[in-house]
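Dear colleague,

I am passing the structure below on to you, and after it I set out what was found. Please read the notes with the structure open beside them.

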Amino acid sequence: MSRRLPSLVTGMVLGAGLLYGAGHLSGRARSDQATERASVDDEPARAEPSPLLAAAAVRVAAAAPSADFAAVSARLERIEQRLDGVAAGADARRAAAARAEEALITGATPEDRDEHQQGAFDRASAIVDRALAAGVWTDGEQGAMREAAAEMLPADRFTLKMKLSLAGNEGKLRDTAAAPMFF
Amino acid sequence: MFKGKKVTFGKRLLIGAGALALVASSGALARAGYKVSPTSWEVSFSGNSTTGGFSGALGSARASSDGYQYIGCEAGWFGPASSAVTATFTPTTYGYCWARDRNGNTRSCYLSAHSNDAMTTLSTINQDSYIGVTYFTTGGVVYCNEVWVDNYSHNPVKAN
């Protein structure tokens with residue numbers, strides 16, 4: 001016990017020293033940060049110790065808030081303009097998406113299709129109608145649909161896909177094809 | 001006496017090593033992590049034709065033994081089809097989510113062209129994802145209402 005005592009005391013002293021050192025460093029870091037902040041915040045006011053220049057500094061300082069206000073106001077105005085632009089852009093994109101979707105859902109008309117597209121749509125429609133009547137989608141239909149779909153307008157593909165989607169969700173079409181119903 | 005002590009020490013050493021190995025191996029087992037078995041999250045449906053949902057893990061659908069199951073989503077984009085309409089045509093992003101269960105029944109829905117944010121969600125789907133989709137039907141169109149993607153470490157892993 002008596003032999004342990006000196007080492008215990010030494011340990012305590014070292015520990016206290018370490019704690020003090022850490023506290024000192026930390027305090028100093030905080031003090032440095034505070035000084036930095038103060039130097040930034042107080043820069044205009046501490047600019048000049050001479051009475052004449054101090055008066056000038058006071059005048060500048062007095063004028064500064066309105067000048068700052070004007071600058072801030074101008075900046076806010078620019079930000080507002082930019083936000084308006086962004087909002088207008090977003091509105092335009094939404095409107096364009098709505099138009100595109102409407103065109104997709106409304107479907108194509110014979111006037112929209114060229115000869116090949118019309119032929120492909122007719123073939124694909126016949127495939128889908130036949131499958132819906134039979135209540136089953138097979139490999140043969142899947143293969144024929146893939147071929148026709150390559151020439152079809154997106155709106156026509158959408159129309160036929162929706163027919164199959166609805167029938168599937170209603171449980172009226174069983175898909176027995178090996179490949180998924182993608183086209 | 002000396003010999004006896006030496007043997008005892010050796011035995012202790014052996015027992016200690018054995019115990020250490022046991023602890024280490026049990027620790028390794030405990031750290032294996034939570035896993036969902038490969039076919040636990042097969043494709044399943046809910047609801048009806050008007051409103052409903054479908055879900056499943058890509059890995060489980062692929063690992064299923066029925067030869068039918070699949071689940072996933074697709075994203076697409078189409079732009080002008082000819083130079084004549086490049087100025088007026090509005091390019092559109094769109095998507096579909098589609099699933100087929102073990103009996104060959106399908107559920108699917110369309111991801112609206114308005115759903116540009118949904119495309120970001122679709123892009124997070126990977127081979128080991130678990131996905132869930134809900135839909136509703138209006139005006140002859142089946143719209144996806146919600147798509148969620150779980151990419152967790154416990155998901156069934158897609159095997160070949």
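Strands, as the word is used here, are DSSP runs of E with at least two residues, numbered from the N terminus, and two of them pair if DSSP finds at least two bridges between them. Please bear in mind that this is a predicted model.

In the hairpin that strand 6 of chain B forms with strand 7 of chain B, two residues lie between the strands, and B:Gly139 has a positive phi near 55°. These two strands, the latter spanning residues 141-150, are antiparallel and paired over nine bridges, with B:Thr138 having B:Val141 in strand 7 as its bridge partner. Strand 6 (residues 130-138) also pairs with strand 2 (residues 51-57) of chain B, again in the antiparallel sense, over seven bridges, and there B:Gly52 is found opposite B:Tyr135.

Turning to the interface, 28 residues of chain B contact 29 residues of chain A, and about 2,500 Å² is buried between the two chains, with 57% of that area coming from carbon and sulfur atoms. On the side of chain B, the residues that lose the most area to chain A are B:Tyr96, B:Trp98 and B:His114, which together account for 20% of what that side buries.

Between the chains there are two salt bridges, one of them joining B:Arg100 to A:Asp175 with the closest N and O atoms 3.0 Å apart, and twelve residue pairs are in polar contact, both residues being at pLDDT 80 or more. Strands 3, 4, 5, 6 and 7 of chain B each give two or more residues to the side that touches chain A, and by class that side holds 13 nonpolar, twelve polar and three charged residues.

With best wishes

Methods:
Residues numbered from 1 in each chain as written. Chains lettered and ligands numbered in written order. Predicted model: local features only at pLDDT ≥ 70, side-chain atom pairs only at ≥ 80, totals over all residues. Heavy atoms only, no water. Helix = DSSP H or I, 4+ residues; strand = E, 2+ residues; numbered from the N terminus. Contact = heavy atoms within 4.5 Å. Buried area = accessible area lost by both parts, 1.4 Å probe. Salt bridge = Lys/Arg side-chain N within 4 Å of Asp/Glu carboxyl O. Polar contact = N/O pair within 3.5 Å; in protein donor to acceptor, adjacent residues only side chain to side chain. Nonpolar A, V, L, I, M, F, W, Y, C, P; charged D, E, K, R; others polar.
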